[in-house]
Amino acid sequence: MPPTFAQLGVPESICRALERNGIHKPFEIQAAVIADAMDGRDICGRAPTGSGKTLAFGIPLIADVGQARPRRPRALILSPTRELADQIASELRSISGPITVEAVYGGVGYTNQRKQLQKGVDILVACPGRLEDLINQRAVSLHETDQVVIDEADRMADMGFLPAVRRILDQTNSERQTVMFSATLDNDVAKLTRDYQHRPVTHEVGDATPDVRSADHRFWTVEKTERVDVCANVISTAGPTIVFCRTRHGSDRLARQLSQRGVNAAAIHGGHAQNRRTRTLREFTDGRVEALIATDVAARGIHVDSVACVIHFDPPEDHKAYLHRSGRTARAGQTGLVVSLVQNGQHADAKKVQQRLGLLQPITSPDSIDGHTAPSRPHRPHHPRPEGRDKQKPNSKPQGRDKQKPNSKPKGRGNQSGRQGQNRNGQRSNHRPQGRPQQQKGRKPRSRASSR
Ligand code: ADP
Ligand code: MG
């Protein structure tokens with residue numbers, strides 16, 4: 001029997017918030033990670049997309065995070081993309097009670113972000129570039145940040161963010177807890193672990209090549225001129241679809257061409273202003289837009305319920321990109337369709353991708369996808385911030401936080417007592433606590449030199 005959230009030591013108020021969101025039992029990666037994370041261990045995690053990693057790192061943060069002083073967040077979650085940062089922040093806010101969670105990323109103005117930071121943000125979700133800008137402007141300091149999560153570390157590496165991630169980690173509390181999630185744990189990600197994690201526990205869930213078997217993969221030979229029509233047919237049969245294009249220009253053009261064929265399509269890529277990207281994503285989530293035409297930047301980390309289909313309109317760069325793109329469908333145990341449009345001259349590359357992933361289906365002319373009719377979209381609940389939070393007086397905060405405490409002490413988690421002590425009695429002042437209890441027990445402070 002898998003444990004319940006309560007058995008993993010998750011405070012009752014968080015369990016209740018999860019229940020309200022329809023989340024009753026931990027997914028596998030959550031069952032594996034939550035107890036270790038709440039014990040203060042460094043964690044190196046790998047699990048397929050859609051397996052629930054956000055709550056795996058988010059629940060322990062919410063249960064444990066210290067109270068932030070102005071401009072000094074206590075926990076930091078690094079995200080490679082703005083969309084993912086927003087999604088993480090809103091998912092965590094839906095269960096965070098009085099704990100403040102804010103996201104900062106580029107492409108939007110600084111004023112609001114600076115204002116939020118000035119108020120004090122307990123858990124900051126950030127994209128590396130904007131975070132460094134805000135640090136340089138002295139709008140935020142990481143010296144009191146003692147919990148760090150690096151989400152989608154391999155994507156950070158792909159996007160060239162690792163030097164920034166390292167500079168950022170160097171500014172956090174050297175005794176911090178560092179939790180990292182990645183679709184792959186080799187190469188640059190392994191180096192990050194070596195340099196910045198302290199005796200991490202590794203949790204790997206699922207195959208090293210995730211998601212491949214849960215979707216129905218089709219490879220179709222098409223003429224360049226047929227692609228738009230084929231694409232339009234698939235979308236109208238399959239339902240909510242993400243179509244991947246190589247360039248921003250190509251995505252804009254395809255969105256236009258599909259619209260001309262009666263498909264409600266919208267492009268989403270880094271060339272659009274952030275508020276436009278957010279709006280487009282929302283329209284897709286709501287079902288107002290049937291097809292999202294995306295570049296690879298949008299490939300990772302965006303979770304939208306019930307994406308029925310992924311179309312590789314332009315071929316992926318390699319098998320890894322194929323996985324990341326395809327992972328937008330068939331998430332969390334659902335089925336999904338993945339269609340690759342293969343033009344003359346692209347067969348050899350397509351076969352290479354197939355071989356790397358063990359997808360041995362033939363490349364055929366477009367066939368029937370009748371089995372894949374559009375699923376109904378479940379309504380995704382909107383999670384407003386708890387009312388009146390902004391109006392809370394600073395000294396009412398510890399009281400509110402007490403509600404997060406578990407009513408009964410979970411059994412078999414000896415190491416927890418210290419942490420609860422830190423959170424208990426509302427005694428945390430607005431000053432930095434003496435360090436995390438588990439660090440006092442087991443974690444040796446690392447010297448700056450050794451973490452470079
Ligand atoms: P990942 O980061 O691993 O790709 P997410 O954290 O985005 O996956 O989770 C995918 C979806 O599953 C989200 O909509 C999330 O709310 C949902 N989810 C997460 N954990 C659970 C759970 N224990 N039970 C039901 N749904 C869950
Ligand atoms: Mg994720």
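The dialogue below goes through the helices, strands and contacts of one predicted model.

Visitor: What kind of model is this, and how are its parts numbered?

Guide: This is a predicted model, in which local features need pLDDT of at least 70 and side-chain atom pairs count only at pLDDT 80 or more, while totals for chains, interfaces and linings use all residues. Residues are numbered from 1 along each chain as its sequence is written, and chains are lettered from A and ligands numbered from 1 in the order in which they are written.

Visitor: How many helices and strands are in the chain?

Guide: Helices (H or I, at least four residues) and strands (E, at least two) are DSSP runs, numbered from the N terminus. The chain has 17 helices and 14 strands.

Visitor: What share of the residues counts as buried?

Guide: A residue is buried if 20 or more other C-beta atoms lie within 10 Å of its own, exposed if 12 or fewer, and partly exposed in between, with C-beta atoms placed from the backbone. Of the 452 residues here, 47% count as buried.

Visitor: How should I read the strand order of the open sheet?

Guide: Two strands pair if DSSP finds at least two bridges between them. The open sheet has seven strands in the order 3-4-2-5-6-1-7, and the pairing is parallel. Strand 3 (101-104) and strand 7 (201-204) are the edge strands, each pairing on one side only. From one strand to the next the twist averages 15°. Within this sheet, strand 2 (residues 75-78) runs parallel to strand 4 (residues 123-126), and four bridges join them; Leu 78 has Ala 126 as its bridge partner in strand 4.

Visitor: Which strands does helix 2 touch?

Guide: Residues are in contact if their C-beta atoms, placed from the backbone, lie within 7 Å. Axes are lines fitted to C-alpha atoms, for helices over the stretch in contact, and angles run from 0 to 180 degrees between N-to-C directions. Helix 2 (residues 28-38) packs on the sheet and touches strand 1 (43-46), strand 6 (177-181) and strand 7, its direction making about 175° with that of strand 1. Helix 4 (residues 82-93) lies across strand 2, strand 3 and strand 4, and runs at about 175° to strand 3.

Visitor: How is a pair of packed helices described?

Guide: The description uses the angle between the two axes and the distance between them. Helix 6 (residues 128-136) and helix 8 (residues 162-171) pack at about 45°, with axes 10 Å apart. That makes helix 6 oblique to helix 8, since angles under 35 degrees count as roughly parallel, over 145 as roughly antiparallel, 65 to 115 as roughly perpendicular and the rest as oblique. The crossing of helix 6 and helix 8 is left-handed: the near helix is turned anticlockwise from the far one by less than a right angle, whereas clockwise would be right-handed. Among the residues in contact are Leu 131 and Ile 135 of helix 6 and Val 165 and Ile 168 of helix 8. The contact of helix 6 with helix 8 has six nonpolar, two polar and two charged residues. Here Ala, Val, Leu, Ile, Met, Phe, Trp, Tyr, Cys and Pro count as nonpolar, Asp, Glu, Lys and Arg as charged, and the others, Gly among them, as polar.

Visitor: At what angle do helix 10 and helix 11 pack?

Guide: Helix 10 (residues 227-238) and helix 11 (residues 248-260) pack at about 65°, their axes 10 Å apart, and are therefore roughly perpendicular to each other. Helix 10 passes helix 11 in a right-handed crossing. Val 228, Cys 231 and Ala 232 of helix 10 meet Leu 254, Gln 257 and Leu 258 of helix 11, a contact of five nonpolar, one polar and no charged residues.

Visitor: Which way do the side chains of strand 11 point?

Guide: In a regular strand the side chains alternate between the two faces of the sheet. In strand 11 (residues 291-294), Ala 291 and Ile 293 point one way, Leu 292 and Ala 294 the other way, and all are buried. Strand 11 runs parallel to strand 9 (residues 241-244), joined by four bridges, with Phe 244 opposite Ala 294. Four bridges also join strand 11 to strand 10 (residues 265-268), again parallel, and Ala 265 stands opposite Ala 291.

Visitor: Is Arg 71 buried, exposed or partly exposed?

Guide: Arg 71 is partly exposed, because 19 other C-beta atoms lie within 10 Å. Arg 71 is in the loop between helix 3 (53-64) and strand 2. The C-alpha atoms of Arg 71 and Gln 118 are 5.0 Å apart, though the residues are 47 apart along the chain.

How values were computed. Two residues are in contact if their C-beta atoms, placed from the backbone, lie within 7 Å.
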